[in-house]
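Here's a friendly walk through one protein model. Have a look at it first, and then we'll go through a few of its features together.

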Amino acid sequence: MLKIARQPQDRWLESPTTDRDWAQAHLTDVLIEAHAKDPEFGHQFLADEARDAGFNVSDRTVWK
């Protein structure tokens, strides 16, 4: 009906989210929490907070 190949669909059903998606979601949670604590600071402060939480992230990634 949808004309979707079975193999990619089966792979997606086994693991609908990738490791990269999970990592991005956790980084987003850390950044939101850090921003909630001190909303007047910019992306460099947020990047430092993410690094303190154990993420290896660049300032530009946080800025995006």
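How many salt bridges does the structure hold? The answer is three. Keep in mind that this is a predicted model. As background, side chains of opposite charge can pair when their charged atoms come close.

| Pair | N to O distance |
|---|---|
| Glu-49 and Lys-37 | 3.8 Å |
| Asp-48 and Arg-51 | 3.0 Å |
| Asp-59 and Arg-51 | 2.7 Å |

Let's start with the salt bridge between Glu-49 and Lys-37. Glu-49 sits in helix 3 while Lys-37 belongs to helix 2, so this pair ties together parts that are twelve residues apart in sequence. How open are the two partners? Lys-37 is exposed, with a relative accessible area of 59%. Glu-49 is partly exposed, at 22%.

Now for the other two bridges. Arg-51 turns up in both of them, pairing with Asp-48 and with Asp-59. That links Asp-48, Arg-51 and Asp-59 in a network of salt bridges. Within helix 3, Asp-48 and Arg-51 are three residues apart, which puts about one helical turn between them.

Helix 2 covers residues 19-37, which makes 19 residues. From the first C-alpha to the last, helix 2 reaches 28 Å, close to the 27 Å expected at 1.5 Å a residue.

Which residues of helix 2 are buried? They are Leu-27, Val-30, Leu-31 and Ala-34. If you look down the axis of helix 2, these buried residues fall within an arc of 100 degrees, so they line one face of the helix. And what do they pack against? Their partners are helix 3 (43-52) and helix 4 (59-63).

Key
Residues are numbered from 1 along each chain as its sequence is written. This is a predicted model: local features need pLDDT of at least 70, side-chain atom pairs count only at pLDDT 80 or more; totals for chains, interfaces and linings use all residues. Side-chain values use heavy atoms; hydrogens and water are left out. Helices (H or I, at least four residues) and strands (E, at least two) are DSSP runs, numbered from the N terminus. The expected span of a helix is 1.5 Å times one less than its number of residues. Buried means under 20% relative accessible area, exposed over 50%, partly exposed in between (1.4 Å probe, protein chains only). The arc is that of the directions from the helix axis to the C-beta atoms. Contact means heavy atoms within 4.5 Å. A salt bridge is a side-chain nitrogen of Lys or Arg within 4 Å of a carboxyl oxygen of Asp or Glu.
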